[in-house]
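Subject: Model for your review

Hello,

Please find the structure below, followed by notes on what was found in it.

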Amino acid sequence: MEVGSVLQFLEDKTILVIGATGFLAKIFLEKILRVQPNIKKVFLLLRAGDAESAALRLHNEILGKDLFNLLKENMGTNFEPFISEKLRPVPGDISREDLGLKNDLILKEEICNQVDVIVNAAATTRFDERYDIALDQNVFGVKQIINFAKQCSKLKVLVHLSTAYVCGEKGGLILESPYNFKDVPGLDIDAEKRLVCDKLDELQKQGATQKQITVAMKDLGISRAKVYGWPNPYVFTKAIGEMLVEQMKGNLSVVIMRPAIVTSTIKEPFPGWVEGVRTIDSLAVAYGKGNLTCFLGNINGVVDVIPGDIVVNAILVAMVAHADHPSENAIYHLCSSLGNPIRYINLQDYAIRYFTSKPWINKDGKPIKVAKVTVFTNMESFRRYLFIHYLIWLKGLELANLAFCKYFETTYQEMNKKIQTVMRLVELYRPYLFFNGIFDDMNTEKLRLAARQGGTETDLFYFDPKVIDWDDYAMNSHLPGIVKYIFK
């Protein structure tokens with residue numbers, strides 16, 4: 001494997017980024033614009049009805065973020081002309097043929113004739129997503145992207161962003177191996193699509209409300225995922241997406257990147273940038289706001305987290321390594337569990353220390369006091385604790401609230417909110433709170449070695465998790481970032 005200079009590779013290249021409003025896609029875009037201003041063009045496929053709407057999304061949902069402040073400072077008055085020259089927002093839809101570009105054949109031909117690299121960052125990442133949406137985005141969207149990529153005459157490499165948790169609930173050492181339909185007996189994506197359509201038709205004939213349809217589609221996604229051995233529709237449909245990539249890629253050079261739990265930036269463009277409540281961050285938010293007093297899980301279990309800028313750097317290096325070099329197993333785990341593991345007990349310690357020294361101030365101007373979370377190792381003891389300490393009192397408070405004309409309404413709502421928050425988090429994350437897999441990263445280690453030996457700018461494109469000081473990162477970057485960008 002040979003890598004070479006990433007900066008040299010990016011010069012005068014044209015890239016198509018699909019799903020450009022996503023967290024990693026934003027970091028990717030900011031990085032290439034900042035380190036290689038001689039990039040030729042970046043097409044950004046955005047879900048939008050027309051060019052004006054796409055341009056609005058570009059400025060509001062991408063360039064308007066603090067993430068781009070350093071680039072703006074560096075470029076000064078040249079920023080706007082630079083952006084106008086380098087970026088082209090494209091209205092599209094990955095669930096439609098030719099990515100929704102059939103109505104603008106001139107633009108489609110322009111992209112197909114110019115693009116050197118495609119980065120597919122499009123996906124719905126909600127664990128409890130509606131099954132119809134998850135299938136359209138994470139499965140049939142991949143199918144449309146591969147078909148489109150085959151029309152791009154200059155294409156050197158397609159990067160497909162997946163997740164390490166396509167492994168489902170497997171334990172032990174999890175290898176960087178491909179997934180194939182033959183490994184999942186009975187799985188037929190067209191049959192799954194028909195099942196969804198039939199269910200939607202049935203619900204509409206019954207006069208179901210939009211809320212009822214959403215609940216039914218979420219329930220269907222969870223049940224179908226479990227039928228085939230995955231815990232939720234997100235990882236199930238992402239695994240199917242990988243199967244489609246393997247089945248359809250043909251002679252394309254395709255790289256599959258599998259990050260674990262992606263967290264805030266550790267270094268670039270500055271430490272601590274994060275957007276949205278990202279998986280384990282929801283626990284930190286709930287804890288810091290005083291809504292998490294008990295939980296379920298293996299407190300000594302390894303939690304595999306990886307900063308967003310490290311993931312993006314690995315994407316860029318892998319992109320260069322596999323340009324015009326198709327490989328049978330270009331799959332990379334971007335993880336920390338093998339080389340530099342961190343445990344849930346460490347996360348608990350960081351949260352207690354941080355929110356004790358810097359408590360969150362609530363809407364009434366009062367600091368939220370936090371305490372050590374009671375963690376249970378099985379559902380039975382967890383439910384018993386909830387019943388004794390909360391549910392009995394909540395029921396009594398509900399009756400008293402009714403008897404005294406809602407005098408206790410505020411107290412009742414606060415306690416009920418805490419219980420509902422905990423139960424929702426437990427249901428969503430239970431498979432991962434007891435997850436006992438460790439992600440092998442042999443391919444990624446080979447990529448790091450090739451980068452060091454091949455003249456890659458490793459100081460600029462760092463992606464070795466072994467150098468992360470978790471204590472420093474959590475206390476001085478990640479948790480302050482959560483407070484700044486999520487709590488508000």
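Helices (H or I, at least four residues) and strands (E, at least two) are DSSP runs, numbered from the N terminus. This is a predicted model, in which local features need pLDDT of at least 70 and side-chain atom pairs count only at pLDDT 80 or more, while totals for chains, interfaces and linings use all residues. Residues are numbered from 1 along each chain as its sequence is written, and side-chain values use heavy atoms, with hydrogens and water left out.

E7 (residues 254-259) and E12 (residues 331-334) run parallel and are joined by 4 bridges; two strands count as paired if DSSP finds at least two bridges between them. Arginine 258 stands opposite histidine 333 in E12. E7 also pairs with E5 (residues 157-161), again in the parallel sense and over 4 bridges, and there valine 255 is the bridge partner of valine 159.

Of the 6 residues in E7, 6 are buried (under 20% relative accessible area; exposed is over 50%, partly exposed in between; 1.4 Å probe, protein chains only). Val254, Ile256 and Arg258 point one way from the strand, and Val255, Met257 and Pro259 point the other way.

The open sheet has 7 strands in the order E3-E2-E1-E4-E5-E7-E12, with parallel pairing. E3 (87-92) and E12 are at the edges with a single partner strand each, so one side of each has no neighbour in the sheet.

**Helices**

H12 packs on the sheet, touching E4, E5, E7 and E12, and its direction makes about 160° with that of E7. Axes are lines fitted to C-alpha atoms, for helices over the stretch in contact, and angles run from 0 to 180 degrees between N-to-C directions.

H2 (residues 23-35) packs against H12 (residues 308-322) at about 65°, with the axes 9 Å apart. Among the H2 residues that meet H12 are Phe23, Leu24 and Phe28, where contact means heavy atoms within 4.5 Å.

**Cysteines**

How many disulfides does a search of the whole structure find? The search finds 0, a disulfide being a pair of cysteine sulfur atoms within 2.5 Å. The closest cysteine sulfur to that of cysteine 335 is in cysteine 167, 9.1 Å away, which is too far for a bond. Cysteine 335 is buried, at 4% relative accessible area, whereas cysteine 197 is partly exposed, at 34% relative accessibility.

Regards
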